[in-house]
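User: I would like to learn how to read a protein model, one feature at a time. Please give the general idea, then the case.

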Amino acid sequence: MKKLLLVAFVFMCSYTTVKAQAFGIKAGLNFANFNGNDADDFNVLTSFHVGMVAEMHLMDALSVQPEFLYSVQGAKTKDETYKLNYVTLPVMLKLYFTDSFNIHAGPQIGLLIGESDSFTTFESSTYDLGFAGGVEFFFADNFAAQARYNAGSTKVSDKYELKNSVLQLSLCYMF
C-alpha cells in the first residue's frame, strides 16, 4: 500500500509541477499474454485497465502524456488463469499529424500490487519495465480512442523466462 501511495504522490507532484493543458480519464480492454522461452503453453487473457492521464504540449504537434493506470495483465492456460495486478506509469511522447490523430511511444514502469493464487508459485518480480507505443484518434469533443502495445523488457518471474505482452484498446475523455 505504501508503494501505491508513493506512486500516486509522484504522479500528482509531476502534474502540479508542469502545468497540464489537459487532464482526463481512460479505461479499456487488455489482451495480455506472456512472451519468452517458457511461454509456449500460455494463451491470451482478456482483462481491463483504468486510470487518469495528463497531457502537456511541448510544441504545436508534440506533447508528453504521463498516465497513472491500474492494469490487470497475465495469461491463461487450459487449466489456470494467471493474473498480475499492476499500477503502471507510462510516459508517452505524442506526435500529432492532425488535430485529431497522433502516434505515441515511451517507457512504462509497472508496480505489482497483487497476483492470482495460481501465480504465487512463480515467484513474481515486483517491478515490470517496458516500452509502449500506439495510435490515438479523437472522434468527438474531448473523446479519444487509443490502441497501444506494451512490451515488457523485464521478467515477470524469477523462476521462468516470461515477459508481459499487452495490447490495450482504450477510450479516453479529456477535461
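**Reading the model**

User: How do two of the strands connect, and through how many residues does the hairpin run?

Analyst: A hairpin links strand 2 to strand 3 through two residues. Helices (H or I, at least four residues) and strands (E, at least two) are DSSP runs, numbered from the N terminus. This is a predicted model, in which local features need pLDDT of at least 70 and side-chain atom pairs count only at pLDDT 80 or more, while totals for chains, interfaces and linings use all residues. Residues are numbered from 1 along each chain as its sequence is written, and side-chain values use heavy atoms, with hydrogens and water left out.

User: In which sense do strand 2 and strand 3 pair?

Analyst: Two strands pair if DSSP finds at least two bridges between them. Strand 2 and strand 3 (residues 62-76) are antiparallel, with eight bridges; V50 stands opposite Y70 in strand 3. Strand 1 (residues 22-35) and strand 2 (residues 45-59) are also antiparallel, over eleven bridges, and K26 stands opposite G51 in strand 2.

User: Which residues line the largest cavity?

Analyst: Among them are Q73, Q108, D128, F131, N150 and V166. Strand 6 (127-140), strand 7 and strand 8 (163-174) each give two or more residues to this lining. Strand 6 gives the most, with four residues.

User: Where is E123, and is E123 buried, partly exposed or exposed?

Analyst: Buried means under 20% relative accessible area, exposed over 50%, and partly exposed in between (1.4 Å probe, protein chains only). E123 is in the loop between strand 5 (101-115) and strand 6, and counts as partly exposed because its relative accessibility is 42%. Its phi is near 55°, a positive value in a residue other than glycine.

User: What is the phi of N142?

Analyst: N142 has a positive phi of about 70°, although it is not a glycine. N142 is in the loop between strand 6 and strand 7.

Key: On a 1 Å grid over the protein atoms alone, a cavity is a set of points where a 1.4 Å probe fits but cannot get out, and a pocket is an open set with protein on both sides within 12 Å along at least five of seven lines; lining residues have an atom within 4 Å of a point.
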